[in-house]
Amino acid sequence: MNQNKNIFGDQIVKPIIWCFFLLVFSNSLHSQMSARLNAYGHIDFESVFSDTTYSNFSLGEQELFINAKFNDEFSFLGEITLNYSGHGNYRLNLERLRLKYNYYKNHSLIIGKFHTPVNYWNDVYFHARLFFPTIDRPLMFSKWIPVHTFGMRLQGQNIGKNNFGYDLLVGSGMGSEDIYKVFSETSITAAVHWKPTDEMRFGFSGYLTSMDDASKMAVHSHSSVEHEMNMYTGPLDFQMLNASIAYFGEKWEVLNEFSFNRTKTDTLGVSNNISNYTYVGRRFLEKNVVFTGFDVLYTGENDLHTYPYDRMKFILGYKYEYSERLNLKAQLEYYTNMNDHSLGSKYEFKIQMSYGL
Amino acid sequence: MVYSLRHFLIIVLFLVTGNNLNSQTNLNDVSVVVIGNKTGSEKISETTIKEYFKGKYNKWPNKKTVIVALASSNHPNVEWYSNLMFNKSFFAVKKYWYSLVFQGRNDPPYFFASDQELIEFVKLNPGAIAIVEKSNKVPENLKIKLNE
């Protein structure tokens, strides 16, 4: 297994990263091709008040994003991030790398690694904190949302008068975001959305996969809250339904992300798990937003995917958009539980400056 | 009860859409003209042309790629044009497009500081569209007529 990992690192990731930079810098050699490079990042400050109190000032995720067009039909999109991973070290991640073929009107075929379009957040915000309405992702991302999928995707957007969209993809399961083990672990995602106005979007999705070893869950790499390693190494079936409602108007902003999943193991049977994130913001003087949010996550007693866990989070915050490429968020959070009190309650105060160049 | 419910719904509707209650100006009523180069759409409805500016379509009916050209922050009419085409401030338009590009859904628009620059860009790029004031000298073949 380790050998596979090394082969993947040396023979796949490095050439891809070289291609990524070649695409950027070889632009002048190809008059037909146009490419744009952007950079995003954020700097964080957080104070945690629980049994112990501490404060951190840290460099957040930094990323490079490239969008290139080969011709009218083929385009390329790549996104790599750098994350602090200990004293003087940074981890390089390939977050998105996809080749898109726009075969008919607004219908496309996409191959590569992309964000799994299971909900509004994962389909619209990706990694740039600049676009996040709150400082952190919803709790469900730290437990079961499969952030990335490597595979093949059929996409349609802005179809018809009512702006319908669809995504149908087949690819890697939750065990790996970078290698699609075609005959051993596959995930299927089907998603539809509807945009009745420019500001509003409704979406529904279904996701299913089976895994041979539930302890290998790459999807947990986006946790920013408490998270323990999965000790269960047996097979597990995972089915998930999501619903999103988003409204980002000139004055009011509302986002609701609902997620339900059902896990099944031979050991403990079926477990039903649920999570909901609600954000409401009120914009004033164009660049200021005051917001509040409520996030809740509950997993069943016999769940062997995320293990029994329940958490509630209350959010109160303020965002100032200095420009479309620079904003500042300040947020007060209160965490507590419904049943299991082992995690305890705590307050967190966070400030985040996020930017895009 | 019904009376109270009706008032409640009206208040909710106002809170949610209050900003959109100001109706948009009809482009034919103001002194602007929509220009495009080889779009295959010499006559088009106002609603449809606005959808092209908003990135709803990637291609024209003649298969040419849609290239959106917009007024930049240095353009004297930037807020007016933004309001006409998007019913938003220029700040909101930039945010809207910035997000679309990052999602990988659209190519980024091009921004120009004057009507002359917009006209020159459209002239040189098949598939490009922009709006400029009618008072400018615009070649007839670039003008897109809008249906009522």
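In chain B of this predicted model, helix α5 (residues 115-124) lies across strands β1, β3, β4 and β5, running at about 150° to β5(B). Helices (H or I, at least four residues) and strands (E, at least two) are DSSP runs, numbered from the N terminus. Axes are lines fitted to C-alpha atoms, for helices over the stretch in contact, and angles run from 0 to 180 degrees between N-to-C directions; contact requires C-beta atoms, placed from the backbone, within 7 Å. Residues are numbered from 1 along each chain as its sequence is written, and chains are lettered from A in the order in which they are written. Local features need pLDDT of at least 70, side-chain atom pairs count only at pLDDT 80 or more, and totals for chains, interfaces and linings use all residues.

The strands belong to an open sheet of six with mixed pairing, in the order β2-β6-β1-β5-β3-β4 (chain B); pairing requires at least two DSSP bridges between two strands. At the edges, β2 (43-45) and β4 (110-112) of chain B each pair on one side only. From one strand to the next the twist averages 35°. Within the sheet, β1 (residues 32-36) and β5 (residues 128-133) of chain B are antiparallel and share five bridges, with B:V34 partnered by B:I131. Helix α2 (residues 46-53) of chain B lies across β1, β2, β3 (67-71), β5 and β6 (143-147) of chain B, at about 85° to β2(B).

Between the chains, 24 residues of chain B are in contact with 23 residues of chain A. Helices α1 (2-17) and α4 (90-102) of chain B each supply at least two residues of the chain B side, and α4(B) gives the most, with eight residues.

How values were computed: Contact = placed C-beta atoms within 7 Å.
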